[in-house]
Amino acid sequence: MSVMVARKKVVRKWEKLPGRNTFCCDGRIMMARQKGIFYLTLFLILGTCALFFAFECRYLAVQLSPAIPVFAAVLFLFAMATLLRTSFSDPGVIPRALPDEAAFIEMEIEATNGTVPQGQRPPPRIKNFQINNQIVKLKYCYTCKIFRPPRASHCSICDNCVERFDHHCPWVGNCVGKRNYRYFYLFILSLSLLTIYIFTFNIVYVALKSLKIGFLNTLKETPGTYPSMSLTVLTVLEVLICFFTLWSVVGLTGFHTFLVALNQTTNEDIKGSWTGKNRVQNPYSHGNIVKNCCEVLCGPLPPSVLDRRGILQQEESTAQEGSCPRGPGMQEPLATQGPGQAQEGHSVLFLQVPAPSVSDTKMPEEKQRMPGELPVPSLDAGRVEH
């Protein structure tokens, strides 16, 4: 007797998505494959804040105000929340064209450009699009097989076209695009404030201790219950981290504040899209700083078009051979569900039993019944003899 086992394997769409991304938590978290610098970012933020809360905050809360550690905790939590939101979200990846769509686009391009003679370079694949009385060129992506929307670009690291592409940031381990730019800006802004805050109160801490016991004695002091760790090592380590972070992060925040005020991206600024020789004006700018900031930071957030957690069902069937001993009084199990009513994720077992021949099967004799009498079902109905 052969046994046919049919299993329904549930496959999510994120498992089949092209590009160089990694997914976690069943597709809910999306990041780039290169995450080493992202882990360094977490280590620097968590390490510096842990030292500050463990040593300086306790002294400053008693000597100055208990609001100092509270405000530092608020900045720390906000910076971590915006960092994780930037790193774990879809930046605005545009799906690649399906084979039928790519073939249709190729036919359109050939119909528009005509047949190119052999040996000549084909014309660039560009479409003109008008935005606010300004002609914008839509470029064709040979990897994704689509005409990219305005302000979109292909990231060479993640191998995806990203809508309103700003740049790929290794410090957050993800691209920065239309769907996570505001969180990236809030992250670097809050991190700048947190760095300035810790750097300032580290200096205040050293100054207050120096007024009481002197500067040299302050440097030799051993805080807490760690006699082997002098205050010099801890404080200098915090000050150095904050000092170098201060210049880079604060400068980066100022640069992106300038871009937000102009409603411009880093990619457009590097390429000189609106400040080149032609002096073409930015068609996306409203000409007002407040309106530009509201659009970039407070505008509606579009949903992801990837549908990462969508289901792709693939049915796999395997046949197994084996013998199933049956006693003389055993009956076949009755089916409790109709065809096609098996629950998803459960296996369905099909038993192939040879049908008895007509000559070997005894047909039950039908009893004669009186007029008006209901038929009585036979007790042997449905029983198969082997």
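These are my notebook entries on a predicted model.

**Annotated spans.** I started with the UniProt record, an unreviewed entry, which annotates residues 37-55, 67-84, 183-208 and 228-250 as "transmembrane region". I then looked up two of these spans in the model. Residues 37-55 are 100% helix, with 27 Å between the end C-alpha atoms. Residues 67-84 are also 100% helix, and their end C-alpha atoms lie 26 Å apart.

**Aromatic rings.** I found 13 aromatic pairs in the structure. One of them is Phe38 with Tyr39, a tilted pair with 5.8 Å from centre to centre and 50° between the planes. Phe88 is partly exposed, with a relative accessible area of 26%. I logged Phe38, Tyr39 and Phe88 as one aromatic cluster.

**A hairpin.** My next stop was strands β5 (residues 126-131) and β6 (residues 134-141), which run antiparallel and are joined by six bridges. Lys127 stands opposite Leu138 of β6. Two residues lie between the strands of this hairpin, and Asn132 has a positive phi near 50°.

**Charges over rings.** Last, I looked for arginines over aromatic faces. Arg125 lies over the face of Tyr140, 5.0 Å from the ring centre. I also noted Arg151, whose charged end sits over the ring of Tyr284 at 4.1 Å from its centre.

Technical notes. Residues are numbered from 1 along each chain as its sequence is written. This is a predicted model: local features need pLDDT of at least 70, side-chain atom pairs count only at pLDDT 80 or more; totals for chains, interfaces and linings use all residues. Side-chain values use heavy atoms; hydrogens and water are left out. UniProt positions are given in the numbering used here, feature names are shortened, and annotations may be inferred rather than shown by experiment. Helices (H or I, at least four residues) and strands (E, at least two) are DSSP runs, numbered from the N terminus. Two strands pair if DSSP finds at least two bridges between them. Rings of Phe, Tyr and Trp (its six-membered ring) pair if their centres lie within 6.5 Å; planes under 30 degrees apart count as stacked, over 60 as edge-to-face and the rest as tilted. Buried means under 20% relative accessible area, exposed over 50%, partly exposed in between (1.4 Å probe, protein chains only). A charge sits over a ring if NZ of Lys or CZ of Arg is within 6 Å of the ring centre and within 35 degrees of the ring normal.
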